[in-house]
Amino acid sequence: MIYRSEQMEEQAVLQAAAQMCAAARTAPKAKGIDEICTVVLTGKEKEILAEKMEEIGERDFGANAADWYLRDAQNVKDAQAVVLIGVKKEYRGIAGCSFCGFDNCGACKQEGGRCAFGYVDLGIALGSAAAVAADARIDNRIMFSAGKAWMEMGKSLKDTAW
């Protein structure tokens, strides 16, 4: 049997994407609470994300859009897959923490704030996932722009139905 390079590359990228999701999931978490969510986009769904990124860039950044969102959107279009990693908006209930800027978790939740530990966990998960891609020699980028576009599209990482 002959396998064309395109087939093998697609298989390698999807395998790396799966391992990136596992690395994000198993990365250390504050209080051992796992609130990380992952999803992998290819094909039409990936293109829809890139189009949303372009829309945000043109809408919010005007002439400067090409320097960031439009460049990132082109990178998404050129990629074989996109791994999105996010964190649920939950509260840890860590007494006396105040890292979120509020006196306690109750005040943070009441004001619609976000738990600082979620961001810490997200950063560690992103680093773990990027390391997996690098170890597989798969080029990767961490893009705030892709995450913002996903959020604006109203897509929760828990509900990936298109």
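Ground rules first. The model is predicted, so local features need pLDDT of at least 70 and side-chain atom pairs count only at pLDDT 80 or more, while totals for chains, interfaces and linings use all residues. Residues are numbered from 1 along each chain as its sequence is written, and side-chain values use heavy atoms, with hydrogens and water left out.

Start with the strands. Helices (H or I, at least four residues) and strands (E, at least two) are DSSP runs, numbered from the N terminus. Strand 1, residues 36-41, pairs with strand 2 in the antiparallel sense, over 6 bridges. To count as paired, two strands need at least two DSSP bridges between them. Take V39 as an example: its bridge partner in strand 2 is L84.

How enclosed is strand 2? Of its 6 residues, 82-87, 5 are buried, so the rest of the structure largely encloses this strand. Buried here means under 20% relative accessible area, exposed means over 50%, and partly exposed is in between, with a 1.4 Å probe and protein chains only.

Next, the largest pocket. On method: the grid is 1 Å, over the protein atoms alone; a pocket is an open set of points where a 1.4 Å probe fits, with protein on both sides within 12 Å along at least five of seven lines; a lining residue has an atom within 4 Å of a point.

The lining has 40 residues. V83, L84, I85, M143 and G147 lie nearest the centre. Helix 1 (5-26), helix 3 (69-78), strand 2, helix 5 and helix 6 (144-152) each give two or more residues to this lining. By class, the lining has 26 nonpolar, 6 polar and 8 charged residues. Nonpolar is Ala, Val, Leu, Ile, Met, Phe, Trp, Tyr, Cys and Pro; charged is Asp, Glu, Lys and Arg; the others, Gly among them, are polar.

Now salt bridges. The criterion is a Lys or Arg side-chain nitrogen within 4 Å of an Asp or Glu carboxyl oxygen. The whole structure has 14. Here are three of them.

D121 and R92 form one, with the closest N and O atoms 2.7 Å apart. This pair links distant parts of the chain, 29 residues apart: D121 is in helix 5 (residues 116-135), and R92 is in the loop between strand 2 and helix 4 (105-110). Both residues are buried.

R25 and D34 come next, at 2.8 Å between the closest N and O atoms. R25 is partly exposed at 36%. D34 is also partly exposed, at 32%.

Then E55 and R59, at 4.0 Å, N to O. Both sit in helix 2 (residues 43-61), 4 residues apart, about one turn of the helix. E55 is partly exposed at 39%, and so is R59 at 45%.

Last, cysteines. How many disulfides does the search of the whole structure find? The count is 0, with a cut-off of 2.5 Å between two cysteine sulfur atoms. The nearest cysteine sulfur to C100 is that of C108, 3.8 Å away. C100 is partly exposed, at 26% relative accessibility. For C105, the closest cysteine sulfur is in C115, at 5.8 Å, too far for a bond. C105 is partly exposed at 22%.
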